Amino acid sequence: MKISFGKPLIDKNEVKLVNEVLKSPNLTHGEKSITFEKKFSKFTKAKNCTTTSSCTSALHLSYLAMGLKKGDEVILPAQTHVATAHTIEITGAKPIFIDADINGNIDLNLLEKKINKKTKCITVVHFLGLPVDMKIVLRIAKRYKLYVVEDCALALGAKIGRKHVGSFGDFGCFSFYPAKHITTGDGGMIITKTKKNFNLVKKLKGFGVDKTFKERKIPGIYDVKYLGLNFRMSETQAAMGIAQMKKLNYILKIRKRNFHLLKNKLKIIDNIEVLNTGSNLSFKSAYYALNIILKNGLIKKRNLLIEKLKSYGIGSSVYYPKIISDLTYYKKKYKIKNFNFPKAKIISYECITLPVGPHVTIPNINYMTNKIKQILKEIN
């Protein structure tokens with residue numbers, strides 16, 4: 001049996017729409033991106049949505065739009081993808097890491113302790129699709145007059161009450177990498193709270209040019225008013241996104257089913273614990289993946305367990321393999337002691353991430369469970 005960690009649902013609908021683009025004169029600057037943005041806006045109920053080349057570029061655009069610069073500080077979780085930190089670092093600002101809570105999200109009890117005169121922004125990550133409590137984040141941000149960025153790379157479909165994540169803060173950033181809920185091959189989306197930032201982001205993602213193709217009275221004549229970059233999404237990517245949006249509710253339904261089936265089968269196995277990233281009364285999870293935490297002597301055998309899973313055709317991953325401050329670049333530059341992040345360390349160094357995507361069937365779940373039991377007996 002072969003179970004990939006991530007496998008997007010791509011069929012004739014994506015092929016049809018991509019072919020339409022390839023037969024058209026516009027491979028960029030076309031109508032597909034606009035249509036994709038409208039469909040995304042309708043799903044999230046967020047007014048200001050624009051496509052980007054990736055979630056990383058969406059994060060970068062957020063910091064460019066707020067004017068982040070050297071001397072500024074941004075608070076973020078120590079346990080996240082490196083892109084969350086890199087996009088701060090690249091502006092010259094300093095990332096300030098704090099520990100995770102027991103579910104993998106930023107520990108909100110530690111937020112105010114890290115705020116000072118240099119702090120400009122709080123960045124949160126909705127880990128594995130479980131929302132951070134944005135009411136608390138926004139209350140603190142308002143008190144200290146700080147920007148809020150939501151990294152929603154793993155959280156498309158996640159909500160707090162009826163409100164979609166990404167629409168609470170000043171900026172919300174989404175990923176369409178192949179392993180994510182929907183894919184455009186690669187690509188991203190950014191939500192902005194204000195129309196002013198929305199218009200600025202649209203210019204910044206296209207070199208800082210002041211007028212779009214349609215706005216130019218004379219073709220080829222424009223001005224550049226901002227220091228921007230090329231962070232645009234192509235029309236072929238947007239065409240895929242349009243087709244993928246039609247499947248999103250189905251994808252979320254299957255992910256939820258798979259998560260709970262796998263969780264219920266794994267939670268009775270000795271020496272492992274399932275990280276609680278499912279929905280609760282207040283928060284609706286996007287069910288990106290399922291993390292198991294290894295206990296007792298199994299911690300030292302994580303890599304062996306991953307290798308054995310692979311030998312049985314079971315794809316797995318680690319979200320994420322090191323806390324950010326332990327990655328070589330950040331370790332050399334900031335020299336932060338990792339004992340400052342005990343909970344984040346547990347998730348980074350003691351977890352294995354298992355797939356629950358729509359390609360995973362019920363027989364796949366039974367197979368994964370049986371093989372995990374078998375492997376644990378072999379290596380314990």
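**Cavities and salt bridges**

Search the whole structure and you'll find two cavities of 30 Å³ or more. A cavity here is a set of points, on a 1 Å grid over the protein atoms alone, where a 1.4 Å probe fits but cannot get out; the points are joined across faces, edges and corners, and a volume is the space filled by probe spheres set on them. Keep in mind that this is a predicted model, where local features need pLDDT of at least 70, side-chain atom pairs count only at pLDDT 80 or more, and totals for chains, interfaces and linings use all residues. Residues are numbered from 1 along each chain as its sequence is written, and side-chain values use heavy atoms, with hydrogens and water left out.

The largest cavity has a volume of about 90 Å³. It is lined by 17 residues, and the closest to its centre are Lys-7, Pro-8, Lys-180, Arg-255 and Pro-358; a lining residue has an atom within 4 Å of a point. Sorted by class, that lining has eight nonpolar, six polar and three charged residues (Ala, Val, Leu, Ile, Met, Phe, Trp, Tyr, Cys and Pro count as nonpolar, Asp, Glu, Lys and Arg as charged, and the others, Gly among them, as polar).

The second largest cavity holds about 40 Å³ of space. Around it sit Phe-5, Ala-179, Arg-255, Tyr-288, Pro-355, Val-356 and Gly-357, which split into five nonpolar, one polar and one charged.

Now for the charges. There are eleven salt bridges in the structure, each a side-chain nitrogen of Lys or Arg within 4 Å of a carboxyl oxygen of Asp or Glu. One of them joins Lys-247 and Glu-14 at 2.7 Å, N to O. Lys-247 lies in the loop between helix H7 (235-245) and helix H8 (248-266), while Glu-14 is in helix H1 (residues 12-22), so the pair ties together parts 233 residues apart in sequence. Helices are DSSP runs (H or I, at least four residues), as are strands (E, at least two), numbered from the N terminus.

Glu-273 is partly exposed at 38% relative accessibility, and Lys-295 is partly exposed at 31%.

Technical notes. On a 1 Å grid over the protein atoms alone, a cavity is a set of points where a 1.4 Å probe fits but cannot get out, and a pocket is an open set with protein on both sides within 12 Å along at least five of seven lines; lining residues have an atom within 4 Å of a point. Buried means under 20% relative accessible area, exposed over 50%, partly exposed in between (1.4 Å probe, protein chains only).
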